[in-house]
Amino acid sequence: MRLLISTIISLFICLNVYSAAETMYVTVSGAGDNSGDSWANAMALSDFDTDLTTNSEAGDIYYIEEGTYTLTEDLSTGNDGTTTNLISFIGVKSGTSNQPPVASDWAYGDNRPLFACSSYAFSVDNYFLFRNIRSTGVDPSLLAIDIGGIFINCKAHNSSETADRDAFSLDGTDYIMLYCEGISNNGYAIGAAGDGKVASSYFHDSKVGADVSVEVAVIGNIFDTCTTGLEVSGDNLIMNNTFYNNTTGLDGGTSEALAIVNNFFDNNATGATVDTALDSNILENNVWSNNTTDVTNLTKGGNAVTSDISLTDPANGDFTLPDSSNAEDAGMCVGVNTGATGSYTWNIGADQTDTQSGGAGGGTYGGSFTNF
Amino acid sequence: MKYLLILFLLFSLPLQAQEVNEKYSYKDFLNQSFKKEKAEDFNNSIIIGSTFYQEWVEGDIKKDIFPEGMTGVIFKKCNLDNVEVPVGNTVDKSSVNKKIKVQNDLEDWILDKDDNPVEPIRKEKFVEYNLSIDPADIPLTKKEISIIKEKKNEIANINNN
């Protein structure tokens with residue numbers, strides 16, 4: 001009897017200690033036994049909530065089918081992924097049957113599953129990946145990750161009347177945000193505390209498009225119609241972004257070592273500003289177009305383009321360059337002066353399609369905005 | 001026996017007639033009003049998994065958003081916080097129908113029946129940042145920045161320096 005009990009206890013311990021990462025499936029209504037082990041047994045939101053809170057572990061992947069998931073409490077967990085084994089939430093199109101789904105099953109635009117958070121948050125701790133997920137609500141931190149957070153192809157809209165609430169919250173270090181859309185009408189489309197990367201994303205109609213801290217790379221984004229497009233407070237690389245129709249496009253605050261390169265500042269009350277004029281804030285190859293004031297406490301820098309260039313149709317979300325603009329092929333890039341030979345061209349701003357007749361621009365590259 | 005079966009079917013028909021309301025289930029109706037919609041589109045149906053949450057801005061906490069005469073609706077797995085659900089309709093226990101209001105700390109708090117704050121929605125965050133969850137400790141004047149964001153910024157500044 002004693003042997004039997006000790007065997008059962010050992011087995012129980014082994015199962016808990018060595019339980020493997022799992023692939024799980026979630027739909028709005030759930031299916032079968034709701035265990036999540038297949039689409040036929042998909043978890044509903046309440047099962048997903050319980051599993052995430054109690055059982056999630058590094059390497060787990062939750063495939064979440066298109067649909068509206070209404071939160072009636074915070075969706076959160078204290079469990080963590082690891083630097084190399086994240087816990088992932090991946091949105092897929094309605095009717096996906098592959099197990100596991102393949103990239104062609106991934107959801108884009110309005111097909112992405114929507115977490116209707118209202119006054120609650122979808123908030124997790126460390127080393128999580130959100131891919132192809134949408135969220136709406138008014139919580140102070142709508143979609144939130146602490147350390148090692150990754151958002152890809154996600155959209156968050158915080159419509160709260162209360163000031164300074166985040167659509168995306170990244171409270172820790174080492175975050176990555178790619179190909180996302182953020183809106184916080186009275187707050188921050190992204191509120192980020194540590195070092196990270198923000199690329200190919202669209203932040204608009206917010207008090208602040210992105211509020212980032214130190215050692216952040218901000219590349220290829222569009223900041224549109226914000227009180228402040230990009231607010232930075234440290235030493236950052238800000239490259240190939242388009243700042244359009246903001247009260248202030250870029251506010252560098254007290255930053256002392258900014259590299260501001262290949263950015264397009266158009267139709268802003270103030271294009272770029274810092275608190276104190278310092279030689280260590282570097283600007284090169286930027287466009288200053290249609291701004292009331294181009295720069296404050298900064299110089300426009302080397303190779304600046306100062307002619308007014310009207311983007312194609314920014315009011316309707318088209319920030320592409322017009323035909324034959326002076327921003328084409330005028331960006332900083334590898335060139336003969338760096339020791340390389342050949343023709344290298346890079347446009348200024350987020351748009352890299354070369355519309356110039358006979359030009360040899362960078363061409364259209366991945367991560368375009370067409371799928372938002 | 002035949003008559004018994006007919007009687008059973010007659011009595012069970014009303015139960016079977018209450019079907020899931022496809023138009024209003026699994027949808028996001030954040031801050032929307034339905035006062036101009038037809039009550040018939042709602043009546044005697046089951047609405048599942050939708051949010052009708054109304055963010056408090058001013059006036060009464062709970063907002064009257066449903067059409068006049070709406071009756072017989074069962075709300076399951078719905079978010080009805082800050083929503084006045086008319087008599088004659090049912091809020092299933094899987095739904096929420098609390099009162100929530102932002103306080104001077106710029107955080108959302110759950111209110112009691114007399115509209116007094118009871119506990120913050122983000123109770124876990126308050127605990128994580130060693131902030132009091134006692135309503136008596138809510139600041140007497142409105143803060144300029146949320147008490148939690150203030151704490152986060154403090155920590156970020158320490159880490160970044």
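**Group meeting: a two-chain predicted model**

Let's start inside chain A, with Phe168(A). Leaving aside neighbours within four places in sequence, Phe168(A) is in contact with Leu143(A), Phe151(A), Ala156(A), Met177(A), Gly182(A), Ala189(A) and Ile190(A). By contact I mean that the C-beta atoms of two residues, placed from the backbone, lie within 7 Å.

Quick housekeeping. This is a predicted model, where local features need pLDDT of at least 70 and side-chain atom pairs count only at pLDDT 80 or more, while totals for chains, interfaces and linings use all residues. Residues are numbered from 1 along each chain as its sequence is written, and chains are lettered from A and ligands numbered from 1 in the order in which they are written.

Back to Phe168(A). Together with Val26(A) and Ile190(A), Phe168(A) has the most contacts inside the largest nonpolar core, which has 117 residues. A nonpolar core here is a set of buried Ala, Val, Leu, Ile, Met, Phe, Trp, Tyr and Cys residues joined through C-beta atoms within 7 Å. Buried means 20 or more other C-beta atoms within 10 Å of the residue's own, with exposed at 12 or fewer and partly exposed in between; again, the C-beta atoms are placed from the backbone. Apart from that core lies another one, of nine residues, including Ile100(B), Val102(B), Ile121(B) and Ile148(B).

OK, the sheet. Chain A has an open sheet of ten strands, paired in parallel, in the order β3-β6-β9-β12-β15-β18-β21-β24-β27-β30. At the edges sit β3 (68-70) and β30 (287-289) of chain A, each pairing on one side only. From one strand to the next, the twist averages 10°. For the cut-offs: helices (H or I, at least four residues) and strands (E, at least two) are DSSP runs numbered from the N terminus, and two strands pair if DSSP finds at least two bridges between them.

Zooming in, β9 (residues 134-137) and β12 (residues 155-158) of chain A run parallel and are joined by four bridges.

Why does Gly137(A) count as buried? Because it has 30 C-beta neighbours inside 10 Å. Beyond its neighbours within four places in sequence, the contacts of Gly137(A) include Tyr120(A), Leu142(A), Asn158(A) and, over in the other chain, Leu30(B).

Then there's β10 (residues 141-145) of chain A, where five of the five residues are buried. Three bridges tie β10(A) to β7 (residues 122-124) of chain A, in parallel, with Val124(A) standing opposite Ile145(A). β10(A) also pairs in the parallel sense with β13 (residues 166-170) of chain A, over four bridges, and there Ala144(A) has Ser169(A) as its bridge partner.

On to chain B, with three helices and six strands, running α-β-β-β-β-β-β-α-α from the N terminus. Of its 161 residues, 35% count as buried.

Technical notes:
Axes are lines fitted to C-alpha atoms, for helices over the stretch in contact, and angles run from 0 to 180 degrees between N-to-C directions.
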